[in-house]
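Open the model in your viewer and keep the selection tool at hand.

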Amino acid sequence: MNNPVCIEREGQIGIVITDNPPVNALSTAVRAGLMEAVETLDSDPEIKAIILHCEGRTFHAGADIREFNQPPAEPYLGAVIDRIEACSKPVIAALHGTALGGGFEVALSAHYRVMHETGKVGLPEVKLGLLPGAGGTQRLPRLIGPRAALKLIVSGDPIPASKALEDGIADEIASGDILDAAKALAGRLIDEGTPPRRVSQIDEKLVAAHGDLEGFDEFAAGLLARKHGFDSPRICVESVRNAITLPFVEGAKKEREFFLELKDGHQSAAQRHLFFAEREALKVEGVERDTPVVEVKQAAVLGSGTMGGGIAMCFADAGIPVKLIDPNAEALQRGLGLIEKNYQRSAARSGKGDGWVGERMDRITPASSMEAAAEADLVVEAVFEDMALKKEIFGELDRITKADAVLATNTSTLDVNDIATAVSDPGRVVGMHFFSPANVMRLLEVVRGEKTDSRALKTAIETGRKLRKLPVTVGVCYGFVGNRMLYARTMQVEALMLEGALPHEIDKALTDFGFAMGPCAVGDLAGLDVGWRARKQAGRTAPVADAICELGRFGQKTGKGYYLYEEGSRRGTPDPEIAALIRSIAKKMGVEQRQITPEEIFERLIYAMINEGARILEEGIASRSSDIDLIWVNGYGWPAYEGGPMFHADLVGAGRITERLDHYADMASDETLKPAPLLRRLAKTGSRFSGF
Ligand SMILES: NC(=O)c1ccc[n+]([C@@H]2O[C@H](COP(=O)([O-])OP(=O)(O)OC[C@H]3O[C@@H](n4cnc5c(N)ncnc54)[C@H](O)[C@@H]3O)[C@@H](O)[C@H]2O)c1
């Protein structure tokens, strides 16, 4: 194997150059190369200063996470980093691009840091369920103080060069060639005889923090409040706290233990699974690098209701001018008013001025006539969920829009293939299924119709990315992937209630798992009448939910739903009236009630979803199980540290799930719970969904 690390000498300066495209990841070969190069230069009497530099577009952008699933190989990054820091002559890291994770930890092992003005540094480990495991939690607090360090470590977000300079991470910022700047600094250090400055030995900031551990704990609790359920941010706090209370060597030893513990735990496995899943999801059959795509310079959104307003905001946020079209003048004004209020609220929260709001509002042009869509490159339809209306609208769009404009529908339940029949070229029709609130939720189900052409599909995906969404491509069926699986779960909610479980017991099974809310509380929040109307339209029934709606109990907005809400409160309390109502419905239907364990509730809700996921995979509605996981984590509140339903299925094993489903199907006489053929096959062969 070629050594990706080499040495160059320029007078008294030794330059360690790594060239490991594309991002100079710290693979085993790079770590070994760095170790050897630093040893060589440190013991060379001619050399008085050392520069760490990377070829290509970035300094080391991180560890090689593909090596995570293999046993660790020597030399470990921590050892390489300790060796660099121990150098007897000044070491300078020349940072350009993104020095992230292990790459940033290498930078922290240097004695000085020069950073390009466009560079970024950060420790994103927390996003993979880990903590920086090569000294990051011990060195960074010494360099910039424990609070600033903790903030950076727990957020996982990178910071720009200007902030790195302000915090004291970068000693200098360069606007020209980064290596030239590093050489200039090296020359000065040599001339001035400046000794190495080892970050592990700096302690002023820690001494100050030691006197106020309570203050640190309070600060940490504030950061953790938004990371409920995640192990890694909590452990990051503990490790940074160790930097204050323990000597460097002990703190670093504990950090390594924490790292290994997290790496081998299922939360990090889940988060790494999702990280790779996001990359996989962009690989869509038929959409290649050279597939044509429409550049969306002008968009139109039809319908200024709940969804249309949010979707228009997405375009405005992405800098794309958008026409917001609604023939109902009142609805249009209401929609625009809500958008403005939304923007004003976020401006107030983040300290952005009126200019910021105005800039966005200027990109949204209201219109009452569909003719306003004439110039649009992409139209997103978000009118009432009514097939006749949608077909009429697509027929109109066919006449009005440019022949190559892409026409998307945001329908949740209607058949995209049927809608496409209203257009002379159905190839340009695609589904773009946003989630509510559309300006906030990251998930976008891109629905490929039978006739959707690759250009329309790629345009929907690429535009989704520009709108900062996570586009996951799915096929056409009732509810697509997310709502179809949700429906399977909802059927079990109904069945479990009839058999004797109460709404708060059902909700608890899911909140205990990590969902922020259970299905009954979500129903009350969203308004039970929404589902009721949709069921009526689709000719479906749900005995308990329908009966609750018939009483005019629509959830929080009426003060009563599955739960009771005191005036002004969003916290529901169990209502004996509902318990009695459920009992009477069960009696009428001849369902015998019994005590139901939390385990049964959990398994029936979750395994029913997994079973539906298996059918979705078999039918090719989703291309891979990890796409399903992304949909549930990003659109339905499945906790990221639990990886998604199909990841969960692989953890439990298809054998056990099949056995439990068979058991519940018999017990509840519920055919829908019978294991899907794919689940049975996986159980028989001991295989997993991942890789299916
Ligand atoms: N609400 C959700 O959570 C959600 C989520 C995903 C998808 N959807 C789908 O999005 C679509 C819109 O849902 P919504 O909740 O925003 O509905 P909504 O009732 O809030 O808004 C619909 C809007 O469409 C307008 N409209 C009616 N006819 C029109 C026409 N000919 N041209 C332009 N506008 C017209 C109405 O005036 C109204 O303002 C539906 O297809 C729905 O299934 C909704």
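**Whole chain**

Of the 692 residues in the protein chain, 54% are buried (under 20% relative accessible area; exposed is over 50% and partly exposed in between, with a 1.4 Å probe and protein chains only). This is a predicted model, in which local features need pLDDT of at least 70 and side-chain atom pairs count only at pLDDT 80 or more, while totals for chains, interfaces and linings use all residues. Residues are numbered from 1 along each chain as its sequence is written, and side-chain values use heavy atoms, leaving out hydrogens and water.

Show the cartoon: the protein chain has 29 helices and 19 strands (DSSP runs numbered from the N terminus, helices being H or I with at least four residues and strands E with at least two). The C-alpha trace spans about 90 × 60 × 55 Å along its principal axes.

**Loop between β2 and α1**

Select Asn24, in the loop between β2 (13-18) and α1 (28-42). Asn24 is not a glycine, yet its phi is positive, about 55 degrees. Is Asn24 buried or exposed? Asn24 is buried, at a relative accessible area of 2%.

**Two cis peptide bonds**

Go to Pro75, in the loop between β3 (49-54) and α2 (77-85). The peptide bond from Glu74 to Pro75 is cis, with omega near -5 degrees. Next select Pro437, in the loop between β15 (429-434) and β16 (443-447). The bond from Ser436 to Pro437 is cis, its omega near -5 degrees.

**Helices α28 and α29**

Select residues 654-667 (α28) and 677-685 (α29): the helix axes come within 8 Å and cross at roughly 130 degrees. (Axes are lines fitted to C-alpha atoms, for helices over the stretch in contact, and angles run from 0 to 180 degrees between N-to-C directions.) α28 is therefore oblique to α29 (angles under 35 degrees count as roughly parallel, over 145 as roughly antiparallel, 65 to 115 as roughly perpendicular and the rest as oblique). On the α28 side, the contact residues include Ile657, Leu661 and Asp662; on the α29 side, Leu679 and Arg680 are among them (contact means heavy atoms within 4.5 Å).

Finish in the loop between α28 and α29, where Ser669 lies. Ser669 has a positive phi near 45 degrees, in a residue other than glycine. Ser669 counts as exposed, at 67% relative accessibility.
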